[in-house]
Amino acid sequence: MLEAWNDQIAPLDTSVMEQCREYVDNLTKPLGSLAQLEEMAIRIAGITCRKKPARLQKAIVIAAADTSIDSPDNQDHGKKSLAELMLIAGGAAPVSALARELQAPVYVADVGLEQNTEHVAGVMLHKMQNGSQSLQKGDALTQEACAEAIAFGGALAGELAHSGVEALALGEIGARGALAALAVTTAFLGPELSEAMRAQGFTAQSEAWTLAQTEPETVLTRYGNASIAMLTGLVLGAAARHMAIVFDNSVTGAAAVAAAAIAPRVKDYVFASAAYPDPLHQLQLQKLGLQAALHYDFTLAQGLGSTLGLSLLDASLDMLNEMRTFGAAGVAVAEDGPGKGRQREEVR
């Protein structure tokens with residue numbers, strides 16, 4: 001059962017987080033003045049169980065899958081998706097340039113593109129099926145393909161952890177992925193959406209909402225695609241191994257929402273990155289209790305926003321390790337206001 005993942009995901013180390021918060025409060029700045037940057041550092045301390053974690057070893061994982069390949073909207077039969085995959089695998093995409101700057105490897109996994117990618121160097125080929133099917137014609141994925149995709153994601157998280165990766169950015173490519181993201185998110189956000197609709201005078205019932213409570217894997221099989229299923233397994237596996245996880249657009253967000261529904265402790269390990277002008281993305285952020293930190297009006301996903309999010313994690317840890325405390329810098333601590341009593345010369 002997927003729910004067993006929650007037992008494998010440890011709660012954040014609140015004792016270490018409090019030690020980190022005390023240290024952050026004693027850095028030479030007004031109390032709380034760096035807002036979310038401070039909260040990122042404190043949460044990373046809880047994830048890594050280290051009071052002052054240094055910069056984390058990072059990686060980017062981009063899942064590739066096409067959606068509804070039997071749809072009348074499918075005009076190019078995955079050729080655009082293949083071109084995007086080749087660009088990233090060849091190190092020529094925007095995310096590639098940023099990844100090099102961060103010294104983070106980019107892993108591209110074809111888990112469900114319509115086109116054949118055996119000839120493309122630099123691609124992890126683990127194709128469950130050649131694209132998902134239209135929801136109007138039955139389940140999007142076979143049960144076997146969905147289970148294999150989730151397992152592959154979880155196993156990949158284990159391999160990355162074994163190589164020392166502590167922070168992970170999620171990306172995706174593929175045609176019509178937003179359709180699968182909408183269907184999966186709607187299923188897992190059922191109660192919240194239902195309440196919002198009732199407030200507007202509408203009533204709504206959905207079998208998917210019931211399935212989400214009892215059979216999350218069935219939701220991914222029926223409504224998802226191979227990317228979302230694989231990334232769901234990756235998020236679950238990464239959280240179980242104390243990794244910080246940064247997601248990108250609504251497709252990667254659907255995986256984060258699904259993983260958090262399966263194992264609620266996942267929320268503690270997930271960070272947001274870019275803001276997209278997409279109501280679904282905003283609902284996902286709300287569900288996960290997060291705020292997007294980057295407002296660049298991106299129209300390109302491919303893991304670019306989440307990779308930039310990794311740089312924010314770096315910035316939070318630079319604050320933690322490069323700034324000095326009042327005591328270490330020989331600066332007088334606050335004698336009144338919020339800092340009084342919290343800021344102390346002996347904290348170094």
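Predicted model: local features only at pLDDT ≥ 70, side-chain atom pairs only at ≥ 80, totals over all residues.
Local features need pLDDT of at least 70 and side-chain atom pairs count only at pLDDT 80 or more, while totals for chains, interfaces and linings use all residues. Residues are numbered from 1 along each chain as its sequence is written, and side-chain values use heavy atoms, with hydrogens and water left out.

The structure holds nine salt bridges, each defined as a side-chain nitrogen of Lys or Arg within 4 Å of a carboxyl oxygen of Asp or Glu. One of them joins Lys29 and Glu38, with 2.9 Å from N to O. Glu38 is buried at 4% relative accessibility, and Lys29 is buried at 8%; buried means under 20% relative accessible area, exposed over 50%, and partly exposed in between, with a 1.4 Å probe and protein chains only.

Another salt bridge pairs Arg50 with Glu166, whose closest N and O atoms are 3.2 Å apart. This pair links distant parts of the chain, 116 residues apart: Arg50 lies in the loop between helix 3 (35–48) and strand 1 (58–65), and Glu166 in the loop between helix 6 (143–162) and strand 4 (167–173). Helices (H or I, at least four residues) and strands (E, at least two) are DSSP runs numbered from the N terminus. Arg50 is partly exposed, at 33% relative accessibility.

Arg222 and Asp139 form a salt bridge with closest N and O atoms 3.4 Å apart. Here too distant parts of the chain are linked, with Arg222 in helix 10 (residues 216–223) and Asp139, 83 residues apart from it, in the loop between strand 3 (123–125) and helix 6. Arg222 is partly exposed at 24%, and Asp139 is partly exposed at 36%.

Finally, a network of salt bridges links Arg55, Lys58, Asp314 and Asp318.
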